[in-house]
Amino acid sequence: MEVRFVMDHHPRTVHCEELGEAAEWLCATHPEDVVCVTESDGRLVGVLPGFARPQTAGSTQPGTEMIPRQALPDVGPTTEVAEVERWFSAHPEWPALPVVEGERLVGVIRRPTLRLRPTPVDPAAPPPPLDLLTRHVIETMMSGALVVDSQGIVRLLNPAGAAILGVSADRVVGRPYEELAQWIFPHMLDYLRISAIPQVLRGRTVEGERRVRLLNGRHALFRYAALHEGERFLGVIVTFMDVTDYVHAEAKAQAEAEEVEKAFGLTLPNSKVESKLKSSPEYQDIYDPDTGRATVTQVIPDGTYRHVINGLRILAELHAVGLFQLVGMDKDTMVQAFIFHDVGKEQPVLRVGQQFVPHDTFEPSHLHAYRSADWARKYYRVSEDVEWIIRYHHTPEAKLPPDFPPPLLPMLRVFQVVDGLSAGITRRKARIAPLCLDGTQLLIREDNMDRRYHRHYRLAIYSGTVTDLPAQEEGALDPGEANPAERVSM
């Protein structure tokens, strides 16, 4: 064990300039402790022993003469406790020692903290047998444990497991697993189709997991593994837990997501627009840069509709961080533009596994942008600003026509960001960190399995300057955290 694990992080200290009455008072009122003397920057100078020590020659204040740092043993956070115990054994008058990292005081280790484990009643008593400890562990587990031997006989079902399944262990232990299966599956066919136990007993699988809705209405997550001793198959061990609350929370989140989708869907002007967007598929694919070909991995039948919904949700996030409080940024214009920006999109019909050359298969983006702008203007009477943004949302800024209104550039830049992020979420399962607004600069962090689209950058909304974030600012998304894209992906 290391000292850092048991040390006190709040030692009694005085600064060098406080040596005098304050130090004497601390030593007098805490005779069981040491008082550490430090510089203003935390460097240890020495200690004042509040405990009784032989008075040095010439000292007029017994017990308060400073012992310099050089006379103290070196104890750091990673020093082994056993080493400190040996020192304490040789110096019974010392109740504590300072702990130093570098030159700075970081804590003290006290003699009593080393005596946390009680003295055994009978030091000579042998430890309990391992099988006894194992039995008690299994019986007190909060999750279920089940063992089925190589002949398909239930050999163990712990109390927690019996409670989850709603069955008495005495009724099933020592009997064929099918006796227990009837409490999990509604029918023998369901058992044979879903249960992993028959598969393991027949050697068709060795480990895995299942999530099953039990007959008692609970949901349980089962994890199973084959047991072997050398080449000999012993049986199957299954651990499981009640995940009913998780399943209900998952269902609630899905219902809320559907409600949000319906709410955003209400922004669509009529059923014709909704029908057109839902009839336009999007595709997930894997691109091979060596051949220039991509392979379809998933077809999203209503992909363009989901792309629009995801974009509207990103706009809602930008509204929450205050983007539309900036001069030149109009929420209604951006929302209308996003609703109609792909209404004229024409997609090819592809199937999973099909290979294609992207630039030969899909219509050039600027063509459907022009068509969408024409339709939005003619049939839905959108404003000129909305028409401009739709028409040129796939046009690089350097190639915009001379008559493009300069005041619309900030909205066009943000629109192109939102369009790209929504496409990443819809088609590439991109991970999008929460969007941040730093003054008039937008911070975007998008992580993709396809590294061609992986970017962390700043966009200066008014100048259009794009700056890649440096490594120390980039902060790759934590793989352990929930995917931020799940907040917006429909």
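The model I am reading is predicted.

**Entry 1: around that pair.** I looked up how β10 and β11 pair. I then checked the link between them. β10 and β11 form a hairpin with 2 residues between them. In the turn, glycine 230 has a positive phi of about 65°.

Entry 2: I moved on to β9. 7 bridges join β9 to β10 (residues 219-229), and the two strands run antiparallel. I noted one partner pair here: valine 212 is bridged to alanine 220 in β10. The hairpin of β9 and β10 has 5 residues between the strands. There, glycine 217 takes a positive phi near 95°.

**Entry 3: the other side of β11.** I followed β11 (residues 232-242) to β7 (residues 144-149) and found 6 bridges, again antiparallel. Valine 148 stands opposite valine 236 in β11.

**Entry 4: the whole sheet.** In what order do the strands of the open sheet lie? I wrote down β8-β7-β11-β10-β9, which makes 5 strands with antiparallel pairing. The edge strands are β8 (154-157) and β9 (207-213), as each pairs on one side only. Neighbouring strands are turned by 20° against each other on average, direction ignored. I also noted a rule for regular strands: side chains alternate between the two faces of the sheet.

**Entry 5: helix α14.** Next I turned to a helix. α14 (residues 365-380) has 16 residues. From first C-alpha to last, α14 reaches 22 Å, close to the 22 Å expected at 1.5 Å a residue. Which residues of α14 are buried? I listed His368, Ala369, Ser372, Ala373 and Ala376. They lie on the same side of α14 because they cover an arc of only 140° around the axis. What covers these buried residues includes α12 (331-340) and α15 (384-391). On the face turned away from the buried side, I found the exposed residues Lys378 and Tyr379. Just after α14, arginine 381 takes a positive phi of about 55°.

**Entry 6: the whole chain.** Last, I stepped back. The chain has 17 helices and 19 strands. Of its 490 residues, 42% are buried. I looked at contacts with a separation of 6 or more: residues 24 or more positions apart account for 51% of them. The accessible surface comes to about 27,300 Å². Carbon and sulfur atoms hold 54% of that surface.

Note on methods. Residues numbered from 1 in each chain as written. Predicted model: local features only at pLDDT ≥ 70, side-chain atom pairs only at ≥ 80, totals over all residues. Heavy atoms only, no water. Helix = DSSP H or I, 4+ residues; strand = E, 2+ residues; numbered from the N terminus. Buried < 20%, exposed > 50% of the residue type's maximum accessible area, 1.4 Å probe, protein only. Contact = heavy atoms within 4.5 Å. Areas by Shrake-Rupley, 256 points an atom, 1.4 Å probe, with all protein chains shown as cover. Pairing = 2+ DSSP bridges. Axes fitted to C-alpha atoms, helices over the stretch in contact; angles between N-to-C directions. Expected span 1.5 Å × (residues − 1). Arc of directions from axis to C-beta.
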